[in-house]
Structure formats: C-alpha cells, structure tokens
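Me: Could you zoom in on the charged side chains here and tell me which ones team up? I'd also like to know what they are sitting on.

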Amino acid sequence: MSDHVYKKVEIVGSSKDSIEDAIDTALAKASKSIKNMDWFEVKETRGHIIDGKVGHYQVVLKVGFRLE
C-alpha cells in the first residue's frame with residue numbers, strides 16, 4: 001500500500017435549477033481537466049434573487065484530488 005498526497009482547489013458551480021445541479025455541473029466541468037478527483041466539500045451556498053425568487057444557485061466547493 002502506497003502513501004498518497006492530495007491537493008485541494010476551489011471551484012464555483014451555478015445552476016438555475018438546484019444546489020445539487022450546481023454541484024454536479026461544477027464537478028463535471030472540473031473532471032475534464034483535473035485527474036484523480038476523490039472528494040469535495042461544500043464551503044458556501046448562495047444565490048441570486050430576481051423579483052423575490054431564486055434566479056440561480058451558486059455553490060463554492062473545495063475539490064480534493066490525488067497527485068500522481
């Protein structure tokens with residue numbers, strides 16, 4: 001069994017539909033350029049208000065990935 005070293009980066013996802021969709025969108029996009037992603041942490045959730053309703057959700061994530 002080998003030891004692993006990880007790095008964390010911060011990304012922000014957004015969606016008009018839901019917080020979960022904002023997370024999914026951010027992770028899908030990040031996976032195209034970041035290899036070995038292993039976990040994420042939700043650091044912030046916020047949104048944009050339009051006419052008293054949610055316009056879109058925004059989620060700040062920390063993504064951990066294993067260095068090669």
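Reply: Start with E68, which counts as exposed because its relative accessible area is 79% (exposed means over 50%, buried under 20%, partly exposed in between, with a 1.4 Å probe and protein chains only). K35 is exposed too, at 57%. These two side chains meet in a salt bridge, 3.9 Å from N to O (a Lys or Arg side-chain nitrogen within 4 Å of an Asp or Glu carboxyl oxygen). The pair ties together distant parts of the chain: E68 is in the segment after strand 3, K35 in the loop between helix 1 and strand 2, and 33 residues separate them. Helices (H or I, at least four residues) and strands (E, at least two) are DSSP runs, counted from the N terminus.

Two quick caveats before going on. This is a predicted model, so local features need pLDDT of at least 70 and side-chain atom pairs count only at pLDDT 80 or more, while totals for chains, interfaces and linings use all residues. Residues are numbered from 1 along each chain as its sequence is written, and side-chain values use heavy atoms, with hydrogens and water left out.

How many salt bridges turn up in a search of the whole structure? Five. One of them is K8 with E41, where the closest N and O atoms are 3.2 Å apart. E41 has a second salt bridge, to K43, with closest N and O atoms 3.9 Å apart. K43 is partly exposed at 47%. Through shared partners, the salt bridges join K8, E41 and K43 into one network.

Three of them make an open sheet in the order 1-3-2, with antiparallel pairing. The edges are strand 1 (6-15) and strand 2 (37-50), each of which pairs on one side only. On average, neighbouring strands of the sheet are turned by 15° against each other, direction ignored. Pairing here takes at least two DSSP bridges between two strands. Strand 3 (residues 53-66) pairs with strand 1 over 10 bridges and with strand 2 over 12 bridges, antiparallel in that case as well.

Helix 1 (residues 19-30) lies across strand 1, strand 2 and strand 3, running at about 130° to strand 1. That angle is taken between N-to-C directions on a scale from 0 to 180 degrees, using lines fitted to C-alpha atoms, for helices over the stretch in contact. Contact means heavy atoms within 4.5 Å.

Leaving aside neighbours within four places in sequence, Y6 is in contact with D38, W39, F65, R66 and L67. Y6 and F65 are 59 residues apart along the chain, yet their C-alpha atoms are separated by 5.4 Å.

S15 is also placed in strand 1, but this residue counts as buried because its relative accessibility is 6%. Its bridge partner in strand 3 is Y57. With neighbours within four places set aside again, S15 is in contact with D21, A22, H56 and Y57. The S15 side chain also reaches the backbone nitrogen of D17 at 2.9 Å.

Back to your question about who teams up: E68 goes with K35, while K8, E41 and K43 are joined in one network.

Key: Polar contact = N/O pair within 3.5 Å; in protein donor to acceptor, adjacent residues only side chain to side chain.
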